Structure formats: structure tokens, C-alpha cells
Amino acid sequence: MEKSAAPNPIVDMFDKIGKAADVIAADFYFFVCFLGEFAVAVKQIIRHPRKLRLKDMLYYLDMCGSQAMPIVLCICYLMGVILGFQFALQARKVGAEIYVADGVGFSILKELGPFMVAIICTGRAGSAFAAEIGTMKVNEEISALQTMGFSPVGFLVVPKLLAMLIATPLLIVFGDFAGLAGGFTVGITMMGLTPVSYIDRSLEVLLPSTMAMGVLKGLVFATIIALIGCMRGFQSKSDAQGVGRATTSAVVSSIFLIVVADAVLTRLYTLWGY
Amino acid sequence: MKEAETIVQVENLSVGYGKTVILENINFSVKSGEIFGILGGSGVGKSTLLKHIIGLYPPLKGDIKIFGCSMVNCPDWKKDELMRRFGVTYQGGALFGSMTVGENVSLPLETYTDLTKDEIAERVRKKLALVDLQGTEELMPAELSGGMKKRAGLARAMALDPSLLFFDEPSAGLDPITSVELDRLLLRLRNKFGTTIVIVSHELPSIFETTDTVIMLDKNTKTIAAEGDPKELRVNSPSPWVHHFLNREENDAPDDNLKNMKQEFSYASGK
């Protein structure tokens, strides 16, 4: 019997790189096709607004928005407290306690508020979208939609995206205030600042545009979470493991893209002088 | 006598996924008012063939014409229009889990007709009554049994009064009594409304009870092994495999897959 050739590590490495590139290319191709279908679905809904599943949109608005509010408020408040502690430790060294308000305010409004809300939404909504669509695929509901002449993307993705575009900025606004409240708590309990001085300082340095920048990021994050969550659902294989993998992939891909988008937007904001 | 109109025409069809060919050179036609069966063993590709016929997947080769229009070479808008002219029921019913039974049935009516809410509610009530599901409008699909889900799926498929219905394994997983009831429902639909019906199944009692013509798919040749009246094929088929299948007899000459399975089993068990 002929002996099989010993594995060549270099060939093996190139083989793995090739296969990985193949997967990424296929993924990108699917994403482009998905975006194309999404654009067609949006165009159809603009032309025939009756096609929008308003009831579904309200359901997702409740699921992604109001139901997420307690956890968003809790996490953002604690984030404000943590940041407050860290800034307090540094500010105390140079006797600049009042700058805790600046540090917490800018960090929460420009970065951590939108980011934490995006992470929470990814865990709650993005994974739910992928699991829901994946399960619909297993149950042949997607096939049923197609044979009834519906565009699955228009039917399932558009209400979710619209709900996310409304819910995420609102969550960010509430999360921002909760984060500021966390910093405020540390400022007046640990740093010996008076409530009036802390609030005055915050109002002095934090402009409405500071919050608007974060909210604008939220719109980009919401789009990423909804589209990636739904796309992974459509990519899911028609079995239980496939749905599980799609859900995991939705969360991982969304977080990765959120971080990339955050970096790009932050750079753009600094270029524009914000 | 005028010949019945051809409703579904399948020409030189090859189906599969990627580079894998599952079935090839499939040719058949379904006439108006006919109950047509697609038969074959498990894993032969019956459901895959159906999914290609109804336009869910593009075929590797060949053409499918429904009501004289090609499902393969038509623009998407035309395909969507064609899809609205026939109904499909799936193995598990494929009801939308987030909607009530009534909402499931009313969905196509709300989207594609200008009926008022009252008219839609009345139509939904009638369709559900037709499948013996009166009063289930407010139930969620999770509250229905398997047979009820299938019937609710059928009510939804019939919502727009299509003249052509496709059924994927209608009797699978049903108890004998429910299965017989479903068979009678299919016959009633054909006899009362002249509906053309295509059934994918391997449930022989249902096939003999309902279908006028069947095609039998063979896993080894990947094509049609026999076509005709199932009762005649059961008696007169020249193919031993078809004869065995329709008479539920053990095949003396096991197919290659079975041989391979036996071989793998003997390797695995060390025999």
C-alpha cells in the first residue's frame, strides 16, 4: 500500500488561508446580495407603504426599546460610577476634582454610552433576530413567505431595522443620563463636590452637540446590529446547531463591526473638530 | 372531447445543490383538475423537486412552466405574480409563529386584495371552516396539533382561491384517521372547485386514495422510473422496483445505497 505523504506545514498553512479567504469571500458575496435585496425591499415599501408591517415594527420597538431600558439604565449608571472612581483617583492627585464632571461626561456621551447600548442591543436584539429568522428557516416559514409572493427581507428585516433605528438613539439618550448620574453620585459622595457645582460644570462643558454625536453613532450601530443579525439568520443552516451558530456569529460579527465603525466615526469626529 | 389544459409542465429538469445533481432529465405535465403524485423513497429528492417547481430554487437545467409561464426564465416580479396564483402547504404547516391562525390566513388577503376588514374576517372564517378548524382564529400555531397546523396551512394556501395547490408530505406524521380526513379534503377540493393538486408523498394509502397520476423517482438512476395511474402501476409495472415499492414488498435486489450502508455497518462492527 502506498504511504501517504507527510503533511507539509507550509502547504497546510496556505491551504487554511485559502479556505478562510474562500469563506470570507462567500460571506461578503452574501452580504452584498442581502444589501441588494434590502434596497429593493426598502424601495418597494417607500412606493407602497401599506407593505410595511407596522404591527411587527411596534412589537420590535417594545422588545428592543422599552424592554431593554432597565438593563441599559443599570449598566450605564454603573459605567458612570466606575468612570467616576477612575477619574476621581487621578484628579485628586492634582487637585482637579471638578474635572471628574468633564471626564465622565465626555466619556459617557461620546463613547461609552453609545457603545454600551450597542453591546446590550447586540446581545438582546441582534441575537434574537438571528435566532428568530434561523428558526423560521427551519420551520419552512421563509419558504412559505416566498411562495406567497412576499420578499422575506422586506417582510422580516425592514420592521426590525426601523424599530432599532428608533429604539437605539432613545436608549442612548437615557443611557447617557444614567451614566452622568453615576458620575454625579461619585462626584458628590467621594470628591466632596456640591451637586450644584457638579451640574454647573457639566452644563458648562457638555453641549447638546456632544450628545448628538453619540446619538448619531447609535444610528450606525443600530443599522449594523439589525442587518447583521438578520443576515446571519438567513445564512443559518436548517437545523438546531445551525441556528445556534448563526446566533453566535450575529453577536460576534456585530460587536466587531461596531468597534470598527466606532473607531472610524471617532476619527471622523476628531477631523471635524468634535 | 376537449383535452384538459396543462397547468404544470416540467421539461428536461435537473435539480441539485451546487455541483451535486440530485435528479436529472425530469419530464412530466400536470393537467387541469388532476391530482398528481410525486412518489419515491426517503431521500430521493421529492421535496427538493417540489421546491424547484414552486420556484424556491433555480434548477441546474431545464424549464418549469406553470399556467404556461416559465418559472425559470421570467423576471422576479413576474415570478412573484405567478407564485400568488398557486398555494403551497409544507410538511409542518409553516405557519408564522408570531401570528394567530386567523392572521396567518388573512395575511395574503390583506396584502393582495382590497377587501374590507369584515370581508377578510368572513373569508378567513369560511376557509377555516372548509378545513374543519372553525373557531381557531384567535389560537396561536403553538396551540395546534400537527394535523391542525397542516390544515391551517392549507387554509392559508387557499386564501386567495388558487386553482393549483402543492402539498409537501401532507400525511406525514398524522394518525390514520386524520390522514384519511385530509385525503377526503383533497378530493373534495378537486371535485368541488376543480383545483389541480400536486402531492409529494410516500404514504401509499393516501396516494392510492387520492391521485390520478404519479411519477416515481428512482434514487439510482436519479430520474423518473415510472409514470401513470398508481393502481395500474401496482399491478402492471414492468419495473420490479416500482412493483415492490407500490406493493410494500421487500426489495430482493437492494439498491447501491443500501449495499453501501450494509458494508459500512460491517466495517464499523468489525464483521
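Modeller: Two strands are taken to pair if DSSP finds at least two bridges between them. The model before us is predicted, and in it strand E4 (residues 61–66) of chain B pairs with strand E5 (residues 69–70) of chain B in the antiparallel sense over two bridges.

Colleague: Which residue of E5(B) is the bridge partner of B:Ile66?

Modeller: The partner of B:Ile66 in E5(B) is B:Cys69. E4(B) and E5(B) form a hairpin with two residues between them, and B:Phe67 in the turn has a positive phi of about 55°.

Colleague: With which other strand does E4(B) pair, and in which sense?

Modeller: In a regular strand the side chains alternate between the two faces of the sheet. Here strand E1 (residues 6–17) of chain B pairs with E4(B) in the antiparallel sense over five bridges. Within this pairing, B:Glu11 has B:Asp63 of E4(B) as its bridge partner.

Colleague: In which sense do strand E3 and strand E9 of chain B pair, parallel or antiparallel?

Modeller: E3 (residues 35–40) and E9 (residues 213–218) of chain B pair in the parallel sense, over five bridges. B:Phe36 stands opposite B:Thr213 in E9(B). E9(B) is also joined by five bridges to strand E10 (residues 223–228) of chain B, and these two run antiparallel. There, B:Val214 has B:Gly228 in E10(B) as its bridge partner. The hairpin of E9(B) and E10(B) has four residues between the strands, and B:Lys222 takes a positive phi near 60°.

Colleague: Why is helix H1 of chain B described as largely enclosed by the rest of the structure?

Modeller: A residue counts as buried if 20 or more other C-beta atoms lie within 10 Å of its own. Six of the eight residues of H1 (residues 46–53) are buried, so the helix is largely enclosed by the rest of the structure. The buried residues are B:Lys46, B:Leu49, B:Leu50, B:Lys51, B:His52 and B:Ile53. After H1(B) comes B:Gly55, whose phi is positive, near 90°.

Colleague: How many residues of chain A are in contact with chain B?

Modeller: Nine residues of chain A are in contact with 11 residues of chain B. On the chain A side, two are nonpolar, five polar and two charged.

Conventions. Residues numbered from 1 in each chain as written. Chains lettered and ligands numbered in written order. Predicted model: local features only at pLDDT ≥ 70, side-chain atom pairs only at ≥ 80, totals over all residues. Contact = placed C-beta atoms within 7 Å. Nonpolar A, V, L, I, M, F, W, Y, C, P; charged D, E, K, R; others polar. Buried ≥ 20, exposed ≤ 12 C-beta atoms within 10 Å, placed from the backbone.
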